[in-house]
Amino acid sequence: MTRLKSGLLAAAAFTFATVGFNAVSGQGGSPLAGAAYAQDAAEVDTSTIVEMVQGAEDAPVTLVEYASYTCPHCARFHEDGYKKLKEEFIDTGKVKFIYREVYFDRYGLWASMIARCGGGDKFFGITDLLFKEQSNWARAGGPTEIVDELRKIGLLAGIENEQLDACLQDSTKAQTLVSWYQENATADKVEATPSFVLNGELIRNQPYDAFKKLIEAELGS
């Protein structure tokens, strides 16, 4: 389980390194969400951020996952536990699953902007790719190399270059996402990733069999 950096949770500002798209994709000059700053969460309207949800809206159990795209523990959960959870509980209408991003660093934020670039229809597929390829893109080198690898994932998911450019340069969206993350993590007292909120109760990451028992208890089975 990866602990949140208290400095990031408390920070009033979150900065991006400026990366020219001419260095990333051969296209001219606009910076990658250059010099974007997240304001205090209270000053930002976070209602524009769409919750990413799987499962039946009226499912008897709601499970919220807090995860970072750069967290190895989160990647391991999505390789195993999440797949079982989806098959046994989400796809069968028993669990409404909500995925909320956590931002340890700018790379995780950029990955989130790629995942959200295709809308809700592509989000979970791109999320799967980001976790599957985490060791490749997250360790690709500096900011330029990492953006290049993230762009490849977006293209693989069927998003056009122009749309990727627009998403990655949307500094207002970046600011809002960080404030949204801070708002949610503070409200749910999230201190590490992955963390889960099961029908309103914060629970730690654990083996799938233990997860299953908790969910079954909520279902009364």
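This is a predicted model: local features need pLDDT of at least 70, side-chain atom pairs count only at pLDDT 80 or more; totals for chains, interfaces and linings use all residues.
Mentor: Let's start with the overall picture and then go to single residues.

Trainee: How many helices and strands does the protein chain have?
Mentor: There are 11 helices and seven strands. Both are DSSP runs, numbered from the N terminus: helices are H or I with at least four residues, strands are E with at least two.

Trainee: What share of the residues is buried?
Mentor: 47% of the 221 residues. Buried means under 20% relative accessible area, exposed means over 50%, and partly exposed lies in between (1.4 Å probe, protein chains only).

Trainee: And the contacts along the sequence?
Mentor: Take contacts between residues at least 6 apart in sequence: 77% of them join residues at least 24 apart. Contact means heavy atoms within 4.5 Å.

Trainee: Salt bridges next. How many are there?
Mentor: The count is nine. The rule asks for a side-chain nitrogen of Lys or Arg within 4 Å of a carboxyl oxygen of Asp or Glu.

Trainee: Which residue pairs with lysine 212?
Mentor: Glutamate 88, with the closest N and O atoms 3.0 Å apart. Lysine 212 sits in helix 11 (residues 208–219) and glutamate 88 in helix 4 (residues 81–90), so the pair ties together parts 124 residues apart in sequence.

Trainee: Are those two buried or partly exposed?
Mentor: Lysine 212 is partly exposed at 24% relative accessibility. Glutamate 88 is partly exposed too, at 28%.

Trainee: What about aspartate 188? Which partner does it have?
Mentor: Aspartate 188 bridges to arginine 100, with the closest N and O atoms 3.4 Å apart. Aspartate 188 is in the loop between helix 10 (171–187) and strand 5 (192–193), and arginine 100 is in strand 4 (residues 95–101), so this pair ties together parts 88 residues apart in sequence. Aspartate 188 is partly exposed, at 23%, whereas arginine 100 is buried, at 12%. Glu51 joins Arg100 and Asp188 in a network of salt bridges.

Trainee: Switching topic. How do helix 3 and helix 4 cross?
Mentor: At roughly 40°, with the axes of helix 3 (residues 72–79) and helix 4 coming within 3 Å. Axes are lines fitted to C-alpha atoms, for helices over the stretch in contact, and angles run from 0 to 180 degrees between N-to-C directions. The two are therefore oblique to each other. Under 35 degrees is roughly parallel, over 145 roughly antiparallel, 65 to 115 roughly perpendicular, and the rest oblique.

Trainee: Which residues make that contact?
Mentor: Phe77, His78 and Glu79 from helix 3, and Gly81, Tyr82 and Lys83 from helix 4.

Trainee: Last one. Is glutamine 134 buried or exposed?
Mentor: Glutamine 134 is buried, at 9%. It belongs to helix 7 (residues 134–137). Leaving out residues up to four places away in sequence, glutamine 134 touches Tyr69, Thr70, Cys71, Pro72, Ala75 and Arg139.

How values were computed
Residues are numbered from 1 along each chain as its sequence is written. Side-chain values use heavy atoms; hydrogens and water are left out.
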